[in-house]
Amino acid sequence: MSRPELQAPPEIYYGDIEAKKYTNNSRVQNIQADMTYRALELLNLPPDEPAFLLDIGCGSGLSGEILDEEGYTWVGVDIAPSMLEIALEREVEGDLFLQDIGQGFGFRPGSFDGAISISVIQWLLNAETSHPTSSPPHRLTRFFTTLHAALKNPSRAILQFYPTSDDQIQLITSIAQKAGFGGGVVVDYPNSKKARKVFLCLFVGGGGGSQQVPKGLEGEEEVDEGHALFEKRREKMRARGKGGKRKSIKEKDWILKKKELYRQRGKEGVPNDSKYTGRKRKAIF
């Protein structure tokens, strides 16, 4: 089990001051970046194609900034208004929604090419009230059923979380499977007290349970050297594409595809295409 300081507290308890302190903590930023890059590795998206992703428990947009950097279009949901306010202040590119994920999602079927979540779904194991429909199994069922519906076929969802027991892993995994997901659990650095991370790697379609669950990373990693760790992960992501780059969000073809995706989603104010689209601007001194 990971150290307590690496886990974000339940987001509903964040006030404005706490949310800003959490977001501005360099250690938190580094760890969040590293886990987001790892989630994108496990998501295994085509390297040269645009994708529309769901960031579950997006908070103040720390993961969203990585998605922006990698050229993805995304939607973020979170239960804490104070965290979403900071995300807006940081001017992240994603669309943001206030949402209790334990109540399920209301997105159109097949909306997303993939989903990620960092340090969130363990909180679905907390009962909100004594009412039976607020029990962890009911909340998990609503979450996984509506998430499965919102994802395209085929696609993946990568959910990093902090279980406190094997029973919690079994409960979460079994409910995800009942909702229609294939896949399983990936554990990175299982023998390291500092670096051990648990990811739920879920598949929609594409062969379902016949897909190979990725292997976890082995050995020891020093998470205290977080900057070096996420820089290494970022370089690995960059190397996925041709010519040593995963993708270039400045290239004209990529920009045109992204603008068309925005138009299909009904986004207003998308600039018209022109001969200047994607052209590099000269520096002005």
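This is a predicted model: local features need pLDDT of at least 70, side-chain atom pairs count only at pLDDT 80 or more; totals for chains, interfaces and linings use all residues.
Strands of a sheet pair through backbone hydrogen bonds, either parallel or antiparallel. In this model, an open sheet is built from 7 strands in the order β3-β2-β1-β4-β5-β7-β6, and the pairing is mixed. Strands β3 (95-98) and β6 (182-188) form the edges, each pairing on one side only. When direction is ignored, neighbouring strands of the sheet are turned by 15° against each other on average. Helix α3 (residues 62-69) packs on this sheet, where it touches β1 (52-56), β2 and β4 (112-118). The direction of α3 makes about 165° with that of β1.

Parallel pairing is found between strand β2 (residues 73-78) and β3, which are joined by 4 bridges. Within this pair, Gly-76 has Leu-96 of β3 as its bridge partner. Antiparallel pairing is found between β5 and β7, where 7 bridges are present. Strands β6 and β7 also run antiparallel and are joined by 7 bridges. Leu-200 of β7 takes part in both of these pairings: it is the bridge partner of Leu-159 and the bridge partner of Val-185.

The burial of β7 was examined in more detail. In a regular strand the side chains alternate between the two faces of the sheet. For β7, 8 of its 8 residues are buried, and the strand is described as mostly covered. Cover is present on both faces: one side carries Lys-197, Phe-199, Cys-201 and Phe-203, the other Val-198, Leu-200, Leu-202 and Val-204, and all of these residues are buried.

Helix α6 (residues 166-178) contains 13 residues. From its first C-alpha to its last, α6 reaches 18 Å, close to the 18 Å expected at 1.5 Å a residue. Buried residues of this helix are Gln-168, Ile-169, Ile-172, Thr-173, Ser-174, Ile-175 and Ala-176. An α-helix has 3.6 residues a turn, so residues three or four places apart point the same way. The cover over the buried residues of α6 includes α5 (136-150), β5 (151-161), β6 and β7 (197-204). After α6 comes Gly-180, which has a positive phi near 115°.

Two packed helices are described by the angle between their axes and the distance between the axes. For helix α1 (residues 16-24) and helix α2 (residues 26-43), the packing angle is about 65° and the axes are 5 Å apart. Tyr-22, Thr-23 and Asn-24 make the contact from α1, while Ser-26, Val-28, Gln-29 and Gln-32 make it from α2. Classed by residue type, this contact comprises 2 nonpolar and 5 polar residues, with no charged residues. Thr-23, placed in helix α1, has a relative accessibility of 1% and therefore counts as buried. Leaving aside residues up to four places away in sequence, Thr-23 touches Gln-29, Ser-60, Leu-62, Ile-86 and Arg-90.

In one of them, the rings of Phe-143 and Phe-144 have centres 4.9 Å apart and planes at 65°, so the pair is edge-to-face. Both Phe-143 and Phe-144 are buried.

Finally, several backbone positions deserve mention. Most residues other than glycine have a negative phi, and most peptide bonds are trans. A cis peptide bond is present between Asn-153 and Pro-154, with omega about 5°. Pro-154 belongs to strand β5. Two residues other than glycine with positive phi lie in loops. One is Glu-91, with phi near 60°, in the loop between α4 (81-89) and β3. The other is Ser-119, with phi about 60°, in the loop between β4 and α5. The accessibility of each was also computed: Glu-91 has a relative accessible area of 64% and is exposed, whereas Ser-119 has a relative accessible area of 5% and is buried.

Terms used: Residues are numbered from 1 along each chain as its sequence is written. Side-chain values use heavy atoms; hydrogens and water are left out. Axes are lines fitted to C-alpha atoms, for helices over the stretch in contact, and angles run from 0 to 180 degrees between N-to-C directions. Contact means heavy atoms within 4.5 Å. Ala, Val, Leu, Ile, Met, Phe, Trp, Tyr, Cys and Pro count as nonpolar, Asp, Glu, Lys and Arg as charged, and the others, Gly among them, as polar. Rings of Phe, Tyr and Trp (its six-membered ring) pair if their centres lie within 6.5 Å; planes under 30 degrees apart count as stacked, over 60 as edge-to-face and the rest as tilted. Buried means under 20% relative accessible area, exposed over 50%, partly exposed in between (1.4 Å probe, protein chains only). Two strands pair if DSSP finds at least two bridges between them. The expected span of a helix is 1.5 Å times one less than its number of residues.
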